[in-house]
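Have a look at the structure first, then read on.

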Amino acid sequence: MTSSERDFWDAEAATFDDEPDHGLRDPQVHDAWRNLLVGLTPPAPARIADLGCGTGTLALLLAEEGHRVDGIDLSPEMVRRASAKAGTFPGVGFVVGDAGEPPFATGAYEVVLCRHVLWALPDPEAAVARWMDLLTPTGRIRLIEGQWSTGTGLTAERTTALVEEAGLTASVRLLPDTVYWGKRIDDERYVVVGRRRP
Ligand SMILES: C[S@@+](CC[C@H](N)C(=O)[O-])C[C@H]1O[C@@H](n2cnc3c(N)ncnc32)[C@H](O)[C@@H]1O
């Protein structure tokens, strides 16, 4: 994590929630993400780590479903906004730090969730390996990523390989539906689900 990355994301924070999939202000978009995330998480209450949590929208949504969520982000301004958004809502908290090496308890999380962050980490292999340590024996990883038309991102194939190389069984679900993004998309967006091998 560099100071220029931190400055970049601090500057993005004020308008971050303007994107439909970030702020989830449209009820249809909100419900689509809610349904997706509920389907990706065990019954509440589960302990969830949201790595690179941004303005905390997903973390709060999951807390509203009854989960206990710890969010981390390198941007103090993102974390400030996430904390303000959550207010006194129980079961959700945010810290400033590096998602690649989260200072979270080992073996404590049933879900490690990361949306649109892995692609930006300098060493994705090391990050996923560290995230494995956070999981309970039945824990699982949920990586929502994309290979965007801007040319940035990770392909589903690459993300699947990262999860498999970390020792998990991985599967991909593509997310092409307009309802997730508030617009039509023509690039590759997906969630990779990783679970421990039996
Ligand atoms: C595209 S946003 C995604 C935010 C959130 N996960 C979401 O889906 O709404 C990327 C976020 O990752 C954060 N980020 C980037 N690199 C990070 C790192 N090394 N550690 C922690 N957060 C990081 C940025 O500050 C930003 O909030």
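**Aromatic rings at a glance**

W119 is partly exposed, with a relative accessible area of 28%; that label covers anything between buried (under 20%) and exposed (over 50%), using a 1.4 Å probe and protein chains only. Keep in mind that this is a predicted model, where local features need pLDDT of at least 70, side-chain atom pairs count only at pLDDT 80 or more, and totals for chains, interfaces and linings use all residues. Residues are numbered from 1 along each chain as its sequence is written, and side-chain values use heavy atoms, leaving out hydrogens and water.

**Ring pairs**
- Rings of Phe, Tyr and Trp (its six-membered ring) pair if their centres lie within 6.5 Å, with planes under 30 degrees apart called stacked, over 60 edge-to-face and the rest tilted.
- By that rule, there are 6 aromatic pairs here.
- W33 and W181 have ring centres 5.4 Å apart and planes at 80 degrees, so they pair edge-to-face.
- W33 sits in helix α3 (residues 27-40) and W181 in helix α8 (residues 178-181), so this pair ties together parts 148 residues apart in sequence.
- Both W33 and W181 are buried.
- W119 and W148 also make an edge-to-face pair, because their ring centres are 5.7 Å apart and their planes are at 75 degrees.
- W148, at 13% relative accessibility, counts as buried.

**Cluster and charges**
- W33, Y180 and W181 are joined into a cluster by ring pairs.
- A charge sits over a ring if NZ of Lys or CZ of Arg is within 6 Å of the ring centre and within 35 degrees of the ring normal.
- R189 lies over the face of W181, 4.7 Å from the ring centre.
- R47 lies over the face of Y109, 4.8 Å from the ring centre.

Terms used:
Helix = DSSP H or I, 4+ residues; strand = E, 2+ residues; numbered from the N terminus.
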